[in-house]
Amino acid sequence: MALHLVATRHGPAVAARIARTLVVHSRRNGHEPQAGAMMRHRSHLSDTVHRVQDLIDRRFAEPLPLADLAAAGGVAERTLTRLFRRATGLTPLGYQQLLRVERAEHLIGHGATVEAAARTVGFTDARMLRRLRARATHGRSVPAGSSRPGSGTRPAATRAG
């Protein structure tokens, strides 16, 4: 109950940080997943990625250029993207979008309009939030900019000759 109160007043990032410190999972409503994105994508051992995730967790509603995230991790942008994808299955942008959508869903579930929730979590308008929610609803729960198994270039067609 205490974690719920912290999340309500200070946001899910603070509640997740406290939950990790206490080594317990934050509890959610019955229709929300028990473990949020912050918890689901933390089961790796990369200190660099954890540092960047901590920054994204604290400031997910703000614009976070890849160059700034890479500097926080002490690596080049391409290296960060590669490490982040290997550790979490997502790009840094995909992770940030996942946090934003999850927080927006929470706000909408507590009476906020889609437009208000979108602005609160850092989208300039509700279009991107609607797009990401629709993707998740139609079975493509991986945000844009993240990796999906089998997503890559298709093999070139061979000519029968």
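Start by selecting Arg-100 and Phe-123: the arginine lies over the face of the Phe-123 ring, 5.2 Å from its centre. The rule here asks for NZ of Lys or CZ of Arg within 6 Å of the ring centre and within 35 degrees of the ring normal.

Some ground rules before moving on. This is a predicted model, so local features need pLDDT of at least 70 and side-chain atom pairs count only at pLDDT 80 or more, while totals for chains, interfaces and linings use all residues. Numbering runs from 1 along each chain as its sequence is written, and side-chain values use heavy atoms, with hydrogens and water left out.

Now zoom out and switch to cartoon. You'll find nine helices and zero strands (DSSP runs: H or I of at least four residues for helices, E of at least two for strands, numbered from the N terminus). Of the 161 residues, 40% count as buried (under 20% relative accessible area with a 1.4 Å probe, protein chains only; over 50% is exposed and in between is partly exposed).

Leaving aside neighbours within four places in sequence, they include Val-49, Ile-56, Leu-90, Pro-92 and Tyr-95.

Then go to helix 5, where Leu-69, Ala-70 and Gly-73 are buried. Look down the axis: these buried residues fall within an arc of 100 degrees, so they line one face of the helix (the arc is taken over directions from the helix axis to the C-beta atoms). Helix 4, helix 6 and helix 7 are among what covers them.

Last stop: His-44, in the loop between helix 3 (37-40) and helix 4. Is His-44 buried or exposed? It counts as buried, because its relative accessibility is 11%. A polar atom of the His-44 side chain lies 3.2 Å from the backbone nitrogen of Ser-46. Not counting residues up to four places away in sequence, His-44 also touches Val-49, His-50, Gln-53, Ala-87 and Thr-88.

Definitions and conventions:
Contact = heavy atoms within 4.5 Å. Polar contact = N/O pair within 3.5 Å; in protein donor to acceptor, adjacent residues only side chain to side chain.
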